[in-house]
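Here is a short tour of how two chains meet, written for someone who likes to look while reading. Have the viewer ready and follow along.

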Amino acid sequence: MSDPVAQLVFLIVKAVAMPLIIITMVAFAIYFERKFAGFFQARVGPTYLGPWGSLQSFGDVLKLISKEDVIPLRSDKSVFKLAPYIAFVPAFLVMAVLPFGPVGGEPNLFGHRFDYVIANFDAGVVLFLAMGAIAVYGVVLAGWSSNSNYSLLGGLRAGAQMISYELAMGFSAAGVMVMAGSMSLVEIVDGQKGAFWEWYWIPQIVGAIIFFIASIAELNRTPFDMAEAEQELVAGYLTEYSGMRWGMFYLAEYVNMIVVSGIISTLYFGGWRAPFESWNVIPGPIWLFLKICVLIFIYMWIRWTIFRYRYNQLMSVGWKVLLPLSLANLAVTAVVVSVVG
Amino acid sequence: MTEKVLFVIFAVLAVAGGIAAVTRRNVVHGLLFLVFTFLNVAAIFFLTQAYFLAVVQIVVYAGAIMVLFVFVIMLLNLRTFEQEEQTHRRQRWLALALSVLVLAEFVIVLAGVTFTSARGGFTPEAIAEAGGGTKVFGEALFNNMLLPFEVASVVLLAAMVGAIILVKREKTAGGATRSWEPGEEPTPEAVEEEV
């Protein structure tokens, strides 16, 4: 097999395997979310299907597919049908730029070079932000097309919230870009050679915390799930959705959570690198997987521990605390990097 | 060869999206087709290996149209807007004249461009040697293109000041009522007033 053909085969294998792995992870993320929610509230969570209820998500998917597909009579039908896909697809596209192992170097698989990333180009972090901007459409369009007041309010809240927190997120990620001198996720991981105290989370601790908080708002999860606030808006933009269309929004939320965890691991926690250099005998994808799992657990921990913010509190935290802090962080980082080298 | 086929596909989709954007009576559908057009233009940037430009195209335009979208929902009553017959009949002729002018401008500019001059020495190899597209783009923007860049930022600043003044005026007219509706994105000033 010549090298271009081999690279094409590798590319197709990666592009097919990655979404399948993510979907499987989503199924178990939903199971663990429900299990943890149970434990945090002194319940047991799902127990019936499979050992310790571990197959519950697969049962849920079968249930969702077999449910009636209700489309409101007065809704904008074409947009109503389109919205779940717009919410669902961008999250997967980000996976294309996420490195899950070493890139470049010597041939390592059947005499060919296997790059542990689908697309390696010099604007990976910005692609992540761009896909966040596209994902807002899914939510806002779902809210608008349902032709229901609760949906519209939820959609607009989500839109305003995601646009606001995207700024803080972008500026805190810019700190990492300045340190690595690149916007490519592959080169950002290359900039974090060595053990865990040499990763960017120590010099960029402010940026890391801001990025994490902003990512909770981007994911519309408690304590920032104003868009779905049950007590006020029934279910926000999801009110009129049912069956698998609702399921796609639900899946998208978890896919996004996995992807954002992957991005945070890559930006601040060394990506696929082991915490000690001697531990690098264990391959990169496993370390990335473990880091993603820890971050997902923290998301779930926060969701079932902290109360929901009020809407104007959310906005003032975003604009008056996180945005100025992330700008200051970027300015200090830029000065230090240009002085020290 | 593959690149040419992909270019034709994306170019046709972009033009089709543009035509659909101006012919839809439903404003929201029009906006969605506009986003579709911009995504296809971004895909063409990807084909020319201008990755940074492609991604920024998505960030900037998707974000901008989102704001436009929210404004359409908040400020226009869609149903009356759709039923309304054309009330600005005189604008038609002005619009026609301006579009002919813009078309002529495009033809004049594009007629003088060949593929080599459009590159301006920025071949993929030269860009890779200079340290990647993002770096080359940034250096061009802050050296040769500094004046247009600064002019654009002044224009944006003027737009921001204008938006703030509009919000302020509304607040004094409304007295003690809040200047933003629940669910709408409040301006920082409005939040300050509230808290």
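The largest nonpolar core has 127 residues, and V126(A), A130(A), V140(A), I258(A) and V55(B) touch the most other members. Such a core is a set of buried Ala, Val, Leu, Ile, Met, Phe, Trp, Tyr and Cys residues joined through C-beta atoms within 7 Å; buried means that 20 or more other C-beta atoms lie within 10 Å of a residue's own, with C-beta atoms placed from the backbone. This is a predicted model, where local features need pLDDT of at least 70, side-chain atom pairs count only at pLDDT 80 or more, and totals for chains, interfaces and linings use all residues. Residues are numbered from 1 along each chain as its sequence is written, and chains are lettered from A in the order in which they are written.

Which residues does A130(A) contact, leaving aside its neighbours within four places in sequence? They are V55(B), I58(B), V59(B) and A62(B), where contact means C-beta atoms, placed from the backbone, within 7 Å.

The contact between the chains takes 26 residues from chain A and 25 residues from chain B. On the chain A side, α4(A) gives the most, with 10 residues. Helices here are DSSP runs (H or I, at least four residues), numbered from the N terminus. The elements giving two or more residues to that side are these:

| Element of chain A | Residues |
|---|---|
| α4 | 124-145 |
| α5 | 149-180 |
| α11 | 311-340 |

Turning to chain B, there are 10 helices and zero strands (E runs of at least two residues). Of its 195 residues, 17% count as buried.

Definitions and conventions:
Two residues are in contact if their C-beta atoms, placed from the backbone, lie within 7 Å. A residue is buried if 20 or more other C-beta atoms lie within 10 Å of its own, exposed if 12 or fewer, and partly exposed in between; C-beta atoms are placed from the backbone.
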